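Visitor: I have a structure open and would like to learn how to read it. Can we go through it feature by feature?

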Amino acid sequence: MTAVRLTVNARAVKAVVEPRTHLADFLRDNLNLTGTHLGCEHGVCGACTLLLDGVPARSCITFAAACEGARVTTIEGLDDDEITTELRTAFSREHALQCGYCTPGMLISARDLVLRLGTADERSIRVGLSGNLCRCTGYVGIVRAVRSVIEQRRKRGILPIPGAGREQLGPVGSGNSANATISRASLSLARSDPPEAEEPPEAGGAITVPDFVPDKVFEQRFTVAHSPDRVFDLFGDIGQIAACLPGASLTGVPALEHVAGTIRVKLGPISANFGGVARIERNPENLSGRIVGMGSDRRGRSSTQGEIRYRLAPIEQGAATRVELTIGYSLRGMLAQIAREGLVRDLAARLTADFAGNLDRHLSGIPQDRSAEGSQKLDGVSLLINLLRVRTREAFERLQRR
């Protein structure tokens with residue numbers, strides 16, 4: 001058991017909790033604050049959103065013991081809050097709720113947007129609310145409600161607060177750590193816009209792509225009916241490799257060891273256009289290589305670092321090649337909220353299969369059709385449909401074996 005002291009809705013609370021107890025369970029079971037709802041319990045749906053030190057946080061994946069010294073504000077603690085009161089009125093007027101289960105978390109996320117956004121831009125509102133799921137309304141009434149509150153407050157001369165008052169970097173609640181000494185100057189630097197996704201650095205310019213330690217690492221492999229030497233030669237032509245990768249395109253002439261480009265991703269209603277650079281390493285002696293890249297999506301405020309290590313092994317007496325991949329990545333921002341590790345693995349498997357098919361067709365001299373929309377971007381909807389088929393088939397096969 002762990003002793004914890006925190007402030008909940010302006011009231012000092014002392015309690016002893018199990019280290020594994022999540023903040024949402026603690027609030028609901030120990031303090032009877034049931035306005036914090038539990039949905040997915042994986043940090044995806046946003047129903048459990050509350051304010052931790054004034055910043056929206058997912059309480060279903062936050063340990064209560066980790067909130068030592070923190071200020072927690074639930075929807076009950078916002079009864080007299082001016083912005084929340086205006087939002088509740090707007091939600092009722094615009095029919096922005098039906099069953100109401102998502103509404104507490106939606107209101108807290110919307111409140112953060114009202115504080116931060118300078119204008120009532122629909123796209124920015126939809127992006128800001130993308131971490132809160134609603135199965136009833138279709139979001140139209142919710143967006144209208146938030147837009148109306150922002151417009152009314154700006155007309156009254158109430159200015160936005162940059163960062164909604166955030167003064168420290170790091171995970172939500174980390175400001176209570178004894179080591180939390182990041183300055184306002186560092187925060188200002190971090191708030192600066194990342195490079196435009198549509199205008200990444202030229203490949204021929206000075207590019208620095210640092211090494212990094214990936215958050216997640218997994219392996220993939222596939223085979224092609226061509227010799228390792230031919231496959232390795234093709235891997236040295238980054239333009240042809242980009243043509244085989246769904247959603248990828250180059251933005252300049254690649255240099256010997258560096259390349260700049262973009263990759264377009266679409267996951268349901270969320271789309272991103274990552275622009276970035278990559279460093280290329282090749283070892284002809286053992287037919288292996290490494291690609292290290294980094295990129296950002298300016299509009300969606302997401303960024304990523306990735307590393308692909310590959311090794312080519314001869315099979316079928318050298319007539320074919322087994323391509324062994326080790327993929328590591330780190331993802332930050334909006335997409336990180338929905339890109340669960342299992343989902344990324346399954347989508348990467350489908351992406352690898354598409355890449356392998358395109359690679360084999362290119363080596364066989366079969367022209368690739370790049371005109372179709374599906375080949376122009378990595379469409380998460382089609383990938384998820386395929387994933388559902390695969391999982392259904394696996395479940396059916398397990399039932400047959402019983």
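Guide: Start with Asp53, in the loop between strand 3 and strand 4. Keep in mind that this is a predicted model.

Visitor: What should I look at in Asp53, and what is its phi?

Guide: First the general idea. Most residues other than glycine have a negative phi. Now the case here. Phi of Asp53 is near 55°, a positive value.

Visitor: Now strands. How do strand 1 and strand 2 pair?

Guide: To read a pair, ask for the direction and count the bridges. Strand 1 (residues 2–8) and strand 2 (residues 11–17) are antiparallel, with seven bridges.

Visitor: How many bridges join strand 1 to strand 5?

Guide: Two bridges, and here the strands run parallel. Strand 5 covers residues 71–73. Find Val8, whose bridge partner in strand 5 is Val72.

Visitor: How do I read a helix? Which residues of helix 1 are buried?

Guide: Ask which residues are buried, then ask where they point. In helix 1, Leu23, Ala24, Phe26 and Leu27 are buried. They cover an arc of only 165° around the axis, so they are on the same side of helix 1. Next, see what covers them. The cover includes strand 1, strand 2, strand 3 and strand 5.

Visitor: Let me try helix 7. Which of its residues are buried?

Guide: Helix 7 spans residues 228–235, and its buried residues are Pro228, Val231, Phe232, Leu234 and Phe235. Their arc is only 160° around the axis, which puts them on the same side of helix 7. Now turn to the other side. Asp229 and Asp233 are exposed there.

Visitor: And what is the idea behind a nonpolar core?

Guide: In soluble globular proteins, nonpolar side chains tend to be buried together. Now the case here. The largest nonpolar core has 45 residues. Those with the most contacts inside it are Phe26, Leu27, Leu87, Phe91 and Val146. Several elements supply at least two residues each, including strand 1, strand 2, helix 1, helix 2 and helix 5. Helix 3 gives the largest share, seven residues.

Visitor: Which residues does Phe26 touch?

Guide: Leave out residues up to four places away in sequence. Phe26 then touches Leu6, Val13, Ala15, Val17, Thr21, Leu31 and Ala64. Another core lies apart from the largest one. This other core has 29 residues, among them Leu234, Ile280, Leu312 and Leu359.

Visitor: Back to helix 3. Is Asp112 buried or exposed?

Guide: Asp112 lies in helix 3, which covers residues 103–116. Its relative accessible area is 6%, so Asp112 is buried. Next, look for a polar partner. The side chain of Asp112 makes a polar contact with the side chain of Arg116, at 2.7 Å.

Visitor: Let's finish with the whole protein. How many helices and strands are there?

Guide: There are 11 helices and 13 strands. The protein has 402 residues, and buried residues make up 43% of them. For the surface, read the area and the atoms that supply it. The accessible surface is about 21,300 Å², and 52% of it belongs to carbon and sulfur atoms.

Methods. Residues numbered from 1 in each chain as written. Predicted model: local features only at pLDDT ≥ 70, side-chain atom pairs only at ≥ 80, totals over all residues. Heavy atoms only, no water. Helix = DSSP H or I, 4+ residues; strand = E, 2+ residues; numbered from the N terminus. Buried < 20%, exposed > 50% of the residue type's maximum accessible area, 1.4 Å probe, protein only. Areas by Shrake-Rupley, 256 points an atom, 1.4 Å probe, with all protein chains shown as cover. Polar contact = N/O pair within 3.5 Å; in protein donor to acceptor, adjacent residues only side chain to side chain. Pairing = 2+ DSSP bridges. Arc of directions from axis to C-beta. Core = buried A, V, L, I, M, F, W, Y, C linked by side-chain atoms within 4.5 Å. Contact = heavy atoms within 4.5 Å.
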